[in-house]
Amino acid sequence: MKNRNIHNQTIWVPINKLIVNKNYQRNIDNRLVNNITKNYDSSMIGTITVTTDEELWEELSYEIIDGQNRVKAIKNVLGSNATIQVNCIYNLNEEEKAKYFYELNKNRKSLSSMDLFKAKLVSGDKDSLNLHEICKQYECNILTIDTNSKNNINTCRSIALLQNLYKRNLLEDVLLVIQSAYNHNNNENLAKGKFESRFLQNIATIINVYSKEINFERLVNVLSKNSVNNFNMEYNRQYSPDEIKNFSGCVLIVNAYNKNLRKGRLDVRKLMLGSLNNED
């Protein structure tokens with residue numbers, strides 16, 4: 001084609017005329033497509049960018065440069081006979097198509113767990129609101145969400161962990177134990193780091209493994225007499241179960257719990273098996 005006139009225009013096109021060029025396009029993300037389909041909102045679809053040759057547009061299909069997952073979701077919702085609005089760039093060669101695809105996608109940053117949580121919180125998502133209320137109830141600030149979190153006062157930095165504990169119905173129990181042990185302790189050194197992810201996970205593991213036999217009053221009492229940092233050691237997968245007992249944060253807590261206890265001791269072996277094989 002001589003003297004190609006590269007320009008763009010917003011037009012309406014039949015969705016069944018849209019195709020994907022696998023030479024430069026990535027594969028369909030079925031999980032994303034399913035999510036868009038399930039929560040379909042036409043106002044949130046954004047701009048679909050396509051290209052075609054202006055002189056032959058009636059005979060040729062429109063090649064999707066950006067938006068193939070959204071197009072598939074739209075087709076799922078509206079059907080293959082729908083007509084959609086797109087931004088069409090005319091008269092690109094193969095190299096230029098790939099360049100446009102690259103330029104449109106290179107600076108896109110995936111939303112972090114915290115970004116998503118903030119958006120869901122403001123949008124009124126029930127689970128997000130409940131999670132936040134539980135954290136406030138037990139004086140656990142969420143990083144960047146709560147005012148005091150800017151100074152790292154009583155702050156949890158991992159929203160993903162909090163969401164995981166909430167999903168497993170462990171969040172309230174874990175925060176209650178920690179609040180009871182540390183939040184009103186006069187010795188700030190004991191409470192330092194109490195909402196660190198690994199410590200939260202250690203407490204969650206212990207509650208999960210020993211839910212039917214642990215004495216929570218004793219657990220709180222043991223924790224309140226020890227620095228959080230004393231229990232913040234983690235599992236290392238290169239060690240055997242026999243060696244784990246020497247440094248695991250969970251095991252250190254159980255050892256402290258069992259100290260000078262004749263009846264109702266917790267079986268450390270049960271903890272190790274539960275921690276290694278049940279990381280949900």
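Helices α7 and α9 are roughly perpendicular to each other, a label given to angles of 65 to 115 degrees, whereas angles under 35 count as roughly parallel, those over 145 as roughly antiparallel and the rest as oblique. The model is predicted, so to speak of local features a pLDDT of at least 70 is needed and side-chain atom pairs count only at pLDDT 80 or more, while totals for chains, interfaces and linings use all residues. Residues are numbered from 1 along each chain as its sequence is written, and side-chain values use heavy atoms, without hydrogens and water.

Two packed helices are described by the angle between their axes and the distance between the axes. For α7 (residues 171-183) and α9 (residues 197-209), the angle is about 115° and the axes lie 9 Å apart. Here an axis is a line fitted to C-alpha atoms, for helices over the stretch in contact, and angles run from 0 to 180 degrees between N-to-C directions. Helices themselves are DSSP runs (H or I, at least four residues), numbered from the N terminus. On the α7 side, the contact (heavy atoms within 4.5 Å) is made by Asp173, Val174, Leu175, Val177, Ile178 and Tyr182; α9 contributes Phe199, Leu200, Ile203, Ala204 and Ile207. Ten of these residues are nonpolar, none is polar and one is charged. In this division, Ala, Val, Leu, Ile, Met, Phe, Trp, Tyr, Cys and Pro count as nonpolar, Asp, Glu, Lys and Arg as charged, and the others, Gly among them, as polar.

A further pair is formed by α4 (residues 113-123) and α5 (residues 126-137), which pack at about 100° with axes 8 Å apart. Helix α4 is therefore roughly perpendicular to α5. Phe117, Lys120 and Leu121 of α4 touch Ser128, Leu129, Leu131 and His132 of α5, a set of four nonpolar, two polar and one charged residues.

Helices α10 (residues 216-224) and α12 (residues 249-258) pack at about 105°, with their axes 9 Å apart. They are therefore roughly perpendicular to each other. Arg218, Leu219, Val222 and Leu223 in α10 meet Ile253, Ala256, Tyr257 and Asn258 in α12. This contact comprises six nonpolar residues, one polar and one charged.

Note on methods: Helices (H or I, at least four residues) and strands (E, at least two) are DSSP runs, numbered from the N terminus.
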